Amino acid sequence: MIINIATNGGRSHLLDIARELQNLGHTINFYSYISDKRAIKFGLNKKCNHSILLLALPFLFLSKFRLFRHWSYRIYARINDIFIAYYMKPCDIFIGHSATHCYSLKYAKKKWGAITILERGTSHIERYIKNMKDVPNFKGFLKLDIVRENKGYMNADYIVVGAEHVKNSFIEQGYNSQKIFVNNYGFNSKFFYPTSSTGEFDIIMVGTWGYRKGCDLIIKACESKGYKLLHVGNIGDLDFPTNIKAKSVGVKEEQALINYYKKAKVFVLPSREEGLALVQMQAICCGLPLVCSQYTGGRDIKKYCNNPEYIIEINSYDVDELCKCIDKALALAKTQKGLRNYVGSDLSEISFEGYGRRYNDFLLKIANNSKTKSNEIKS
């Protein structure tokens, strides 16, 4: 099949989708602002990559200034949507990005009869707002953005999400469960594998440091219990603490992350809002016990593990509960000797290869259903 995949930015799991479906024999057209060189680095064939960097450059520049950051994103999303509609090649299936692709979904459907799919990385926008409403500095969304987001959901034939809790957020809003396909994200098996811990840090958090990821709760836990913390990633809307034993090393390339997972005993991610955090997959494949919230998708990953008790979900969003769960995870970490591995020897289902196979099966199924319906109408 000819599959067009468009993203609202650069490197994301949509590039992983493109690579895996390419490897399974589909003709892929991937639209983003990443260069051919970077696409090749992540395994995508050069001829599959259609960079729209020149279109994105002015908005990327404006996004560096706080005053223009949100508006540049909003304007770029709308321009990207219209541009992709007229720029992309004919296709059988079009996969777009939530919050960006709305009109292009309708266009691909009307122009070529394509099956349209929307990738949603986090919960339905109404649940997202509900989960984030008490977060400092969260300004919500403009009504126009909410309307546009909902139009995207409606325009798509199917919505693909990374975790069951995200699917449930759509069902709560009245969507038919048959429209929502859950495909748990994977990890790059070349970069992540069982490790031994140096024990230098008690806990590690990878991702943007901020309220959305529950980092304020991590700070309180460290203040209360004296945990030694390692952070890898950007500093977002929350200052990195100076009053606890903590170190932030900034953003690192994906292939370098394993060196930081080796330094820690436990991975912690008490997010207030998330889809399925890919860093969790990396961490558990490196053998770190995981402490997470109900909104990270950690619960979904348990089915891939021989020892699911190493994935611990906090039952309430408070510092005492988080400390209790971290202590439980640290106790499990103490029992780990040599190479840490509680997933098992078969990592095929939890890798991006397994993710691609599940996506491929889903696409073949809906394409076959579409042909059957078309034949029934003709007859």
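**Reading helices and cysteines in a predicted model**

Q: How many disulfides does the count come to?
A: The count comes to zero disulfides, a disulfide being a pair of cysteine sulfur atoms within 2.5 Å. Take C215, which is in no disulfide: its nearest cysteine sulfur, in C222, is 10 Å away. The sulfur of C222, in turn, has its closest cysteine sulfur in C323, at 8.3 Å, which is too far for a bond.

Q: What kind of model is this, and how are residues numbered?
A: This is a predicted model, where local features need pLDDT of at least 70 and side-chain atom pairs count only at pLDDT 80 or more, while totals for chains, interfaces and linings use all residues. Numbering starts from 1 along each chain as its sequence is written, and side-chain values use heavy atoms, with hydrogens and water left out.

Q: Are C215 and C222 buried or exposed?
A: The idea is to look at relative accessible area: under 20% is buried, over 50% exposed, and in between partly exposed (1.4 Å probe, protein chains only). C215 has 0% relative accessibility, so it is buried. C222 is buried as well, at 2%.

Q: How do I describe two packed helices?
A: Two packed helices are described by the angle between their axes and the distance between the axes. Axes are lines fitted to C-alpha atoms, for helices over the stretch in contact, and angles run from 0 to 180 degrees between N-to-C directions. Helices (H or I, at least four residues) and strands (E, at least two) are DSSP runs, numbered from the N terminus. Here, the axes of helix 9 (residues 215–225) and helix 13 (residues 319–335) come within 9 Å and cross at roughly 70°.

Q: What does that angle say about helix 9 and helix 13?
A: Angles under 35 degrees count as roughly parallel, over 145 as roughly antiparallel, 65 to 115 as roughly perpendicular and the rest as oblique. Helix 9 and helix 13 are therefore roughly perpendicular.

Q: Which residues make the contact between helix 9 and helix 13?
A: Contact means heavy atoms within 4.5 Å. On the helix 9 side are L217, I218, K220, A221, S224 and K225, and they meet V319, L322, C323, I326 and D327 of helix 13. By class, this contact has seven nonpolar, one polar and three charged residues. In this scheme Ala, Val, Leu, Ile, Met, Phe, Trp, Tyr, Cys and Pro are nonpolar, Asp, Glu, Lys and Arg charged, and the others, Gly among them, polar.

Q: How do helix 3 and helix 4 pack?
A: Helix 3 (residues 53–62) and helix 4 have axes 8 Å apart, at an angle of about 170°. They are therefore roughly antiparallel. In helix 3, L55, A56, F59 and L62 meet R69, S72, I75, Y76, I79, N80 and F83 in helix 4. By class, there are eight nonpolar, two polar and one charged residues in this contact.

Q: What about helix 4 and helix 7?
A: The axes of helix 4 (residues 69–87) and helix 7 come within 12 Å and cross at roughly 30°. R74, A77, R78 and D81 of helix 4 make the contact with L144, D145 and R148 of helix 7. Its classes are two nonpolar, no polar and five charged residues.

Q: Where do A99 and N137 lie?
A: A99 is in the loop between strand 4 (93–97) and helix 5 (103–112), and has a positive phi of about 80° although it is not a glycine. A99 is partly exposed, at 28%. N137 sits in the loop between helix 6 (125–132) and helix 7 (143–155), with a positive phi near 75°. At 57% relative accessibility, N137 is exposed.
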